[in-house]
Amino acid sequence: MVIKTLTRILLTFLLISILHLSSFAQDHVYSLEECIKIALENNLNIQRGNLDKQSAQINLQQVRMSRLPDFNIGSGYGINWGRSINTVTNGFETTQRRSVGISGNSSVSLFNGLQISNSITQSIIELEAGTADLEKVKNDVALSVASLYLNVIFNSELQGNAELQLSSTNDQLERTKILVDAGSLPITNLLDIQAQQATNEVNLINAENNHNLAILQLKQALLIPTGDTFEIEVPEFEIDELQESNFNANEVFKVAQGSQPEVKSADLRIRSAVLGMKISRSAYMPR
């Protein structure tokens, strides 16, 4: 009897804990920073960029190892039998011979037209370019998530506006019915309000669909299951006064040129291509 009672208590406690955890997960509100963090962890393009960076690191290590001498060793074993002439008795006899051989060789490049040095430099540049490409992908993912996040807020505001318009139309419809029944207004006014009510209902349905679609797109960007409850935090902004920016187009371009990873990656790819030409031309040199 005591064991059954303890079992019931444990089951009840586990059930309450599960319900509490599920309600906590449902009540969680995601901020923009959390959404960007989740996207950076789950995005497939970022994972592929990390793999490309690891591949570049391995390639660099492999090129550096080409400076070391190589060493090859091999062995062989053979059996030969048949009739042959005995040089002592000058007679034929059947003999069987076994042979074992071991061979080895080693080589090291003393000079090959600076091909190895240029290949190492090229691999380092390719690694830096891959790192810049990864940063670009992260920036693109962050900007995409921020855009989808703002799209959810925008459609949420449109849905709230549609609800207010429908509520106002419903109130106006009730007042118009009373005035029409009292004979103060013609029935055409009531028909106009009913048509406006139908239009507002359609607008509300469209706004709800657009809001749900925006949430779905944000979930897809974060790789969150579509069936999970998802709610975002609407930030509050307090703008006392607008600050004017005195940047011109040339200054903005210079700042972007020095900070954007795609610009750095393109410059590194050009340097890598120049080194590739030098590596190819080194084939003309003696080695």
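How much space lies in the largest pocket? About 170 Å³, with the volume taken as the space filled by probe spheres set on grid points joined across faces, edges and corners. Keep in mind that this is a predicted model, where local features need pLDDT of at least 70, side-chain atom pairs count only at pLDDT 80 or more, and totals for chains, interfaces and linings use all residues. Residues are numbered from 1 along each chain as its sequence is written, and side-chain values use heavy atoms, leaving out hydrogens and water.

**The largest pocket**
- A pocket here is an open set of points on a 1 Å grid where a 1.4 Å probe fits, with protein on both sides within 12 Å along at least five of seven lines; lining residues have an atom within 4 Å of a point.
- Among the lining residues are N45, R48, D52, E126, D133 and R269.
- By type, the lining splits into 3 nonpolar, 3 polar and 6 charged residues; Asp, Glu, Lys and Arg count as charged, and Gly is among the polar ones.

**α4 against α5**
- The axes of α4 and α5 (residues 187-222) come within 8 Å and cross at roughly 160°, so the two helices are roughly antiparallel (over 145 degrees).
- Their contact residues divide into 19 nonpolar, 18 polar and 4 charged.

**A198**
- T169 is 29 residues from A198 in sequence and 9.6 Å away, C-alpha to C-alpha.

Note on methods
Axes are lines fitted to C-alpha atoms, for helices over the stretch in contact, and angles run from 0 to 180 degrees between N-to-C directions. Helices (H or I, at least four residues) and strands (E, at least two) are DSSP runs, numbered from the N terminus. Angles under 35 degrees count as roughly parallel, over 145 as roughly antiparallel, 65 to 115 as roughly perpendicular and the rest as oblique.
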